[in-house]
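The sequence and structure come before the details.

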Amino acid sequence: MRQFLSKSYLRALLFSASIGLMGLFYGLLNHGGRPIHVLSSPIDDRLPLIPAMAIPYIGWYPYIIIGIMYLCLKDRSAYYRTLIVMNIGLIVCYLIYFFYQTTVIRPEVFPDRWDRKLLLDFVYGVDNPYNCFPSIHALHSYVIMRGALAAKTVRKSIKTAFVIGAMTIIVSTLLVKQHVIYDALGSMLLGEIAFILVTKAWNSYSRSRQSIPRATLNKPPRPDQDMNL
């Protein structure tokens, strides 16, 4: 409990607010009014609508919050890399939404059961059928999972839980007909490429910082400096 209340943990966690700030731009793009594209495939036509999958779809919110808090606690390097990738992913998504807006044709659903009412009220009712490719739901789920897998101090059982959670959420985006398979695949590809590039840049920066003290020690003394013999 003390770790959660430590100043260093809380300071590091403040950087996660960048995700919320970036999210403010989502609504500005979540509409039609310009050329709209549909990316559905025969696979999507064969996938059934399962309204109960709205539960893991909505579970994306606690998954992301818990994932960020846990990574910040267990592995600060993986945490920062994950945040950077999430923000880069949002920027790429917003650019795509602006220049290549997509939509998903939603099925007609009647609120005659609890699961259908859940779908209508908490999925369709709070999000317009735009900003589909790539899926931010799938992207951030995948990136949190990659962060957990990259963390050196996270147990295998916890990593497995993150994988199962991410895959369930990604599948749910297809089974509630909020996204199509290209949305999910594009998100995972974007997340993987961004994570690899950010990790390479992070490792390069870390190595350069570690070499600074040694380089400083190896510098010859200035003429005005006395050398201890």
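Helices (H or I, at least four residues) and strands (E, at least two) are DSSP runs, numbered from the N terminus. The model is predicted, so local features need pLDDT of at least 70 and side-chain atom pairs count only at pLDDT 80 or more, while totals for chains, interfaces and linings use all residues. Residues are numbered from 1 along each chain as its sequence is written, and side-chain values use heavy atoms, with hydrogens and water left out.

**Thr82**

Thr82 is placed in helix H8. Its relative accessibility is 1%, so Thr82 counts as buried (buried is under 20% relative accessible area, exposed over 50%, partly exposed in between, with a 1.4 Å probe and protein chains only). Leaving aside residues up to four places away in sequence, Thr82 touches Leu71, Val143, Ile144, Gly147 and Phe195, where contact means heavy atoms within 4.5 Å.

**Helices H7 and H10**

Helix H7 (residues 60–74) and helix H10 (residues 136–150) have axes that come within 10 Å and cross at roughly 30 degrees. Axes are lines fitted to C-alpha atoms, for helices over the stretch in contact, and angles run from 0 to 180 degrees between N-to-C directions. H7 and H10 are therefore roughly parallel to each other (under 35 degrees; over 145 is roughly antiparallel, 65 to 115 roughly perpendicular and the rest oblique). On the H7 side, the contact is made by Trp60, Tyr61, Tyr63, Ile64, Gly67, Ile68 and Leu71. On the H10 side, the residues are Ile136, His137, His140, Ser141, Ile144, Met145, Gly147 and Ala148.

**Aromatic pairs**

The whole structure holds nine aromatic pairs. Rings of Phe, Tyr and Trp (its six-membered ring) pair if their centres lie within 6.5 Å; planes under 30 degrees apart count as stacked, over 60 as edge-to-face and the rest as tilted. Two of the pairs are listed here.

| Pair | Centre to centre | Angle between planes | Class |
|---|---|---|---|
| Tyr80 and Trp202 | 6.2 Å | 25 degrees | stacked |
| Tyr94 and Tyr97 | 6.3 Å | 55 degrees | tilted |

Tyr80 is partly exposed at a relative accessible area of 24%, and Trp202 is partly exposed at 23%. Phe15, Tyr79, Tyr80 and Trp202 form one aromatic cluster.

Tyr94 and Tyr97 both lie in helix H8, three residues apart, about one turn of the helix. Tyr94 counts as buried at 9% relative accessibility, and Tyr97 counts as buried at 0%.
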